[in-house]
Each structure stands twice: as structure tokens, then as C-alpha cells.
Amino acid sequence: RGYPRDLIEVERSMRWGGDGTLGLQELCYSVKNHLGNKEDPNIVEIGSYRGESTQIINGCFANAIINSIDPYTPYREDGSTYDLNKQGLELQEAEVEFDAVCVKFPNIKKNKAHSLDFVSSVPDQSLDFIYIDGDHSYEAVKKDIVAWIPKVKIGGVISGHDFSWRTVQRALWEVFRGNQPNGVFRDSSWAYIKTPEIHTYFCGD
């Protein structure tokens, strides 16, 4: 079983870790086509870091309002051995770079917050496209998807990064009840179209 693949066919012979820029561009242009080339979609990005992915999304949706959410605080993902002090310094540098991106592109809105804290401020069924690339631990990915699905319009796109991670695959498998993504791209971005069935399952109306 699976959801209808009217976004892009799943690429079975994936080159994990390929050209990330091109892979995300492919996702964005596929989403743009799926949305009927809508001029001003409402977009949320979870996990902005230095703003590289934000700029790629903006390059495809230049008239969109892009709310980028990132707490810029150290954390440990499943099994990681990060030095949190070193990570904190890296995040400070990343935030400075992201701030410069926001100066260049005023339609990109910086929200220094945890995604699960920010989600309550977003109206239900208001988003056309969401890209999740925050904490990659299983619990965090699952919580992000479940919390943000109600915020996406029926026919909108729920997507994210690192389909190659087992933690991400497990979360997607459980949340979407074993259904494959509508699209997986060469940078391992993934995408599901929010169907009426998904809406009913998660939102109950």
C-alpha cells in the first residue's frame, strides 16, 4: 500500500550523500509544480542552521513568507558523542551567518525557538509546505511530524531531510503507517502530500 505518487516517483537507486543543493532544489521545484506554481506559499523550515537550505527554498519561492525555526542551542541526537561546548560555539557562528541571510532576504523570518514551542502560534491548515531538518533523533522527528501535520493544508507538502537515517525512517514509517513517501530525492530529502485521509487520521475532522 502507499499514498499516490503525484509529486515525484521514489528513486530506488538513491545516491545517499549526493549533491545536496541539487536534491533540495529538485524537491522545491517538485513542490512548486504540485502547488500549481502558487506565487506566495506559506512555508516553515525547522532547523535553519547557517541558512543554506533556507536560501535554496527561497530561491524557488522568492515571494513566499518563510518562517525559519531554530533554537540555536546544543543538543545530542541518538547515539551522538558531540562535544556540547564545541557545538555551542559552532551554533553561535551559524546563527550569525543566518542573521546575515535574513538581512538579504526580508521575507525570511527568523524564529529563535524550539519547534514544539513555536507550533502553537501557527494556525491549523495554514501552511503549504514544511521542511523538517532539526533534531534527527527518532523521538524528536516523530514529535515534529505529529505536531506540525495539523498546520499543513490538505494538498500541502510535509517534507524533511535525511531519509537515509534509520531514526528518520522509523519515525516516518510509524507516523505514516508504513506508507512510502511521495518522493525521495538525491540529497535524501523526503516528502509526503497531506491527503484528506492523513488529515482525518491526525486531526479528526
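Student: Is Tyr49 buried, exposed or partly exposed?

Tutor: In this predicted model, Tyr49 sits in the loop between strand 1 and helix 2, and its phi is near 50°, a positive value in a residue other than glycine. Buried means under 20% relative accessible area and exposed means over 50%. Because its relative accessibility is 34%, Tyr49 counts as partly exposed.

Student: Which side chain makes a polar contact with the side chain of Arg50?

Tutor: Arg50 also lies in the loop between strand 1 (42–46) and helix 2 (52–60), and at 18% relative accessibility it counts as buried. Leaving out residues up to four places away in sequence, Arg50 touches Glu90, Glu93, Ala94, Glu97, Phe98 and Val101. The polar contact between side chains, at 2.6 Å, is made with Glu97.

Student: How many helices and strands are there in the protein chain?

Tutor: Read from the N terminus, the elements run α-β-α-β-α-β-α-β-α-β-α-β-β-α. Of the 205 residues of the chain, 51% count as buried, and among contacts with a separation of 6 or more, 76% are between residues 24 or more positions apart. The count of elements in the protein chain is seven helices and seven strands.

Student: Within what arc do the buried residues of helix 6 fall, seen down the axis?

Tutor: The buried residues of helix 6 (residues 166–175) are Thr167, Val168, Ala171, Leu172 and Val175. An α-helix has 3.6 residues a turn, so residues three or four places apart point the same way. The buried residues of helix 6 therefore line one face of the helix, falling within an arc of 130°.

Student: Which exposed residues are carried by the face of helix 6 turned away from its buried side?

Tutor: The buried residues of helix 6 are covered by elements that include helix 5 (138–148), strand 7 and helix 7 (196–203). After helix 6 comes Arg177, whose phi is positive, near 55°. The face turned away from the buried side of helix 6 carries the exposed residues Arg166 and Trp173.

Student: Where is Ser188 found, and what is its phi near?

Tutor: Ser188 is buried, with a relative accessible area of 2%, and it is found in the loop between strand 6 and strand 7. Its phi is a positive value in a residue other than glycine, near 75°.

Student: With which side chain does the side chain of Ser189 make a polar contact?

Tutor: Ser189 is found in the loop between strand 6 (183–184) and strand 7 (190–193), and with a relative accessible area of 0% it is buried. Beyond its neighbours within four places in sequence, Ser189 is in contact with Leu24, Leu27, Tyr131, Gly160, His161, Asp162, Gly183 and Val184. The polar contact of its side chain, at 2.7 Å, is with the side chain of Tyr131.

Student: About how much space lies in the largest cavity?

Tutor: The count comes to one cavity of 30 Å³ or more. The largest cavity is lined by Ile132, Asp133, Gly134, Asp135, His136, Val141, Gly160, His161, Val168 and Trp190, and these lining residues divide into four nonpolar, four polar and two charged. Val168 is also one of the buried residues of helix 6, while Gly160 and His161 are also among the contacts of Ser189. The space in the largest cavity is about 60 Å³.

Note on methods. Residues are numbered from 1 along each chain as its sequence is written. This is a predicted model: local features need pLDDT of at least 70, side-chain atom pairs count only at pLDDT 80 or more; totals for chains, interfaces and linings use all residues. Side-chain values use heavy atoms; hydrogens and water are left out. Helices (H or I, at least four residues) and strands (E, at least two) are DSSP runs, numbered from the N terminus. Buried means under 20% relative accessible area, exposed over 50%, partly exposed in between (1.4 Å probe, protein chains only). A polar contact is a pair of N or O atoms within 3.5 Å; within protein, one must be able to donate a hydrogen and the other to accept it, and residues adjacent in sequence count only if both atoms are side-chain atoms. Contact means heavy atoms within 4.5 Å. On a 1 Å grid over the protein atoms alone, a cavity is a set of points where a 1.4 Å probe fits but cannot get out, and a pocket is an open set with protein on both sides within 12 Å along at least five of seven lines; lining residues have an atom within 4 Å of a point. Grid points are joined across faces, edges and corners, and a volume is the space filled by probe spheres set on the points. Ala, Val, Leu, Ile, Met, Phe, Trp, Tyr, Cys and Pro count as nonpolar, Asp, Glu, Lys and Arg as charged, and the others, Gly among them, as polar. The arc is that of the directions from the helix axis to the C-beta atoms.
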